[in-house]
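Please open the structure in your viewer and keep the selection tool at hand.

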2 protein chains.
Amino acid sequence: MNMKQLSTEPYKGTRDFYPADMRLQNYIFSTMRSVTEKYGYQEYTASIIEETDLYRAKTGEEIVGEQTYSFTDRGDRDITLRPEMTPTVARMVANKRRKLVFPVRWYSIPNCFRYERPQRGRLREFWQLNVDILGVDNIFADSEVIDMAYRIMTTFGADPNSFIIKINNRKLMNELYADILRLDDDQSHRLSKLIDKKNKMTSDEFEKESQAIITTSYDVFKKFIQINTVESLSNMFPNSPAAREVIEVMNILKTNGITNTAFDPTLMRGFDYYTGVVFEVFDTHPTNNRAMFGGGRYDNLVDLFGVESVPAFGFGMGDVTMQDYLETYNLVPNLTSTRDLTLCTLDESSVVFAMNLAAELRKQSIAVAVDYSNRKIGNKIKSAEKDGSQYVICIGEEELKNGTYVIKNLAESSEEKVMGIEGVIERIKTK
Amino acid sequence: MNMKQLSTEPYKGTRDFYPADMRLQNYIFSTMRSVTEKYGYQEYTASIIEETDLYRAKTGEEIVGEQTYSFTDRGDRDITLRPEMTPTVARMVANKRRKLVFPVRWYSIPNCFRYERPQRGRLREFWQLNVDILGVDNIFADSEVIDMAYRIMTTFGADPNSFIIKINNRKLMNELYADILRLDDDQSHRLSKLIDKKNKMTSDEFEKESQAIITTSYDVFKKFIQINTVESLSNMFPNSPAAREVIEVMNILKTNGITNTAFDPTLMRGFDYYTGVVFEVFDTHPTNNRAMFGGGRYDNLVDLFGVESVPAFGFGMGDVTMQDYLETYNLVPNLTSTRDLTLCTLDESSVVFAMNLAAELRKQSIAVAVDYSNRKIGNKIKSAEKDGSQYVICIGEEELKNGTYVIKNLAESSEEKVMGIEGVIERIKTK
């Protein structure tokens, strides 16, 4: 027996979800689900444990080297708690490559782990809606998925003025790196990482560090990095298919009423596996301007498993960020308990009667609990109210004898006398 | 870049849930939820990572010593992937002891990990409905929770003749050990473990090993272990409150129509933390007779955290066992895709039109996907059917021009021509 006092706190960077927290989490998840299912996406999931090799190839050095929960199991396998879901999707699609119906439209809301210093909007454990379409390599797929990200935001009640969808294209960056700046792979990789950190540096620092990498056409790079309209993108890259993809995606979104989009040449996305259009949704709140979530095209991830290539586009939307956003903009609805009724017994001889009554009411889909605890009736009624029960009925000798019940509506502080179980059902069902 | 070919298999003992698997899993979970919520239980959850200390005290030697996924994080904390949920419930209740409204009625469907040899009905990762009532130490709570376990079974369509609820009481065992057999703590513990394994031994082996522990009144033990009716229990323990508890729980269940119950003196349950009534639901199938799930009273678990004692009763019901059971008895319903309609484009110039039409249909809560992949129309229709889409509309030049659509009902192989988007909505909504 361990005599040291145990901590009652959750593990650092994780959360306990008490019923009120769970209701909010369930609200967030069910809103995400309702939108993705309307787009014809089907839910899938997998284990949180994956073999570590899955992440070594493409997830990115920072995450695998410093942020994964990796360990060795009792059978000497190297395993990792997934830091993200995309490698799992690619693995599952590769596994059933010949049996699946393409295009595959899938979604999942897995939890993921990253070993980080917990801070606002970032925890060690988070849940993340993952939406992916696999088997289509055109910009309609890109547009559909970005459209869906927008609809999830507005379904949560977000004002389209409160966020902006920034778009870039990895192919465009590759054109710039190879054809204009004449960088090799290593230089390109270093420049990408630098651009990714641009907003965290001063202009001078960024200029100095980028000049250290770029030796040819630095002026073109400087002009590129400042593009902030579709017109200037088009002017600078009149014949680039990559630039055209960005512009067409924005045009398709516009036909569906989505105009809060912008080309952003500094948008990189952290993962190494992106190959085409990438996007990020930014909160435009003046004091909280930041990237909330994003995604992009990854056409070469399924190949890693030695099967034919499967083009793909997807995004991940985290619960922690979304909850922060909803709270910042007062978008959390009033979420009530699922309990309709509490039967409070006045004495021990009424308990079995109350339990039988509860059983009958449940057959009518009424959510009912019996409070047979050994406490005063006033305390039982208070508990029922705190628990979010909408109605209370006290059950004692008289109720057993007469079969009449007084229903208290706790929300309205009103009372009504009804006859028999039918009266109770009618009263609650017509609320 | 890792050049070794990556495995597409899930980690040993875990499962990938493709959409069809996920629908079954969601069906199992939503059935569990619907019943527990009707009893007024509220959902909670917590992280799968807990500090290892949480399990050292009471989970039981076999699990902690040999079966946990325990490791050290990058900050040198000893952490474990939860092998069960009950210690977490106790921790969470202890943490908010002063703020919670008692009785606490909670449920959760967490995943848990145990390092075991995967076999039928047993995997390394499983999900488990956990139902707990805390703050009530009477047999009404015991009865309510066992009642709920029964209702979950019947809501799944289980015939009450296909399972039996076996009941015992740890207090009765303690009376037997201390007052009659005069065993000390160590002997009692060894005898409990032996009884737990009784069904895996021959009668002779069991007799030999139990005689090695019991030195006084072995004949009483032998008689006890053979009790199989409430009458003989009552005759053997006429004045025992523990025996009365078992009998009363069975009587209360009977008033609610639950008669497939039996006292079982060999029912032990694995965890060390049980203190009173324990129960197990057994599948009575002739070729698959086995314990499916169970639970019991644990009044001393919350104390471990140095707070006032909170009596509790709960059970855990695993998804793997439940799925086996449903399949054995042909109780899995026909679970269909959530997609209503697929719009198949005939050419690229119809795609944006189809995407806009889809957007309008989604506003009417119709789940619709657009197939704009670069394939023949016949293949697109086949894919829609395989994906479980109920309807298909082909969109080409004519549809753009005339605004009339031919809706194919894939399930019925019928077609119907409708006018405009209103026609489409009406046809699908009145299916």
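Select R77(A) and E51(A), and display their side chains. These two residues form a salt bridge in which the closest N and O atoms are 3.0 Å apart. Please bear in mind that the model is predicted. Now colour the elements to which the two residues belong. How many salt bridges does the structure hold over all chains? The total is 48.

**The cis peptide bonds**

Next, select F102(A) and P103(A), and show the backbone between them. The peptide bond from F102(A) to P103(A) is cis, with omega near 0°. P103(A) belongs to the loop between α4 (86-95) and β5 (104-108) of chain A. Then move to chain B and select F102(B) and P103(B), which are also joined by a cis peptide bond, with omega about 0°. In chain B, the loop that holds P103(B) runs between α4 (86-95) and β5 (104-108).

**The interface**

Now show both chains and select the residues at which they touch. In chain A, 104 residues are in contact with 104 residues of chain B. Between them the two chains bury about 8,900 Å², and 57% of this area is on carbon and sulfur atoms. The interface has 48 residue pairs in polar contact, counting pairs with both residues at pLDDT 80 or more. On the side of chain A that touches chain B, 47 residues are nonpolar, 27 are polar and 30 are charged.

How many salt bridges cross the interface of chain A and chain B? There are 4. To view one of the salt bridges, select R124(A) and D73(B), whose side chains meet with a distance of 3.9 Å from N to O.

**The symmetry**

A rotation of 180°, with 0.0 Å of shift along its axis, superposes chain A on chain B with an RMSD of 0.1 Å. This is the relation of a two-fold axis. To find the axis from chain A, select F71(A): its C-alpha is the nearest in chain A, 3.4 Å from the axis. The copies meet through the same surface, because 100% of the interface residues of chain A are also interface residues in chain B.

**Confidence**

Finally, colour chain A by pLDDT. Its mean is 93, and 97% of its residues reach 70 or more. For the complex, the predictor gives an ipTM of 0.94 and a pTM of 0.95. Where pLDDT is low, the predicted coordinates should not be read in detail.

Methods: Residues are numbered from 1 along each chain as its sequence is written. Chains are lettered from A and ligands numbered from 1 in the order in which they are written. Side-chain values use heavy atoms; hydrogens and water are left out. Contact means heavy atoms within 4.5 Å. Buried area is the accessible area (1.4 Å probe) that two parts lose on being put together, summed over both. A polar contact is a pair of N or O atoms within 3.5 Å; within protein, one must be able to donate a hydrogen and the other to accept it, and residues adjacent in sequence count only if both atoms are side-chain atoms. Ala, Val, Leu, Ile, Met, Phe, Trp, Tyr, Cys and Pro count as nonpolar, Asp, Glu, Lys and Arg as charged, and the others, Gly among them, as polar. Copies are superposed by least squares on the C-alpha atoms of residues with pLDDT of at least 70 in both. pLDDT is the predictor's confidence in each residue, from 0 to 100. Helices (H or I, at least four residues) and strands (E, at least two) are DSSP runs, numbered from the N terminus.
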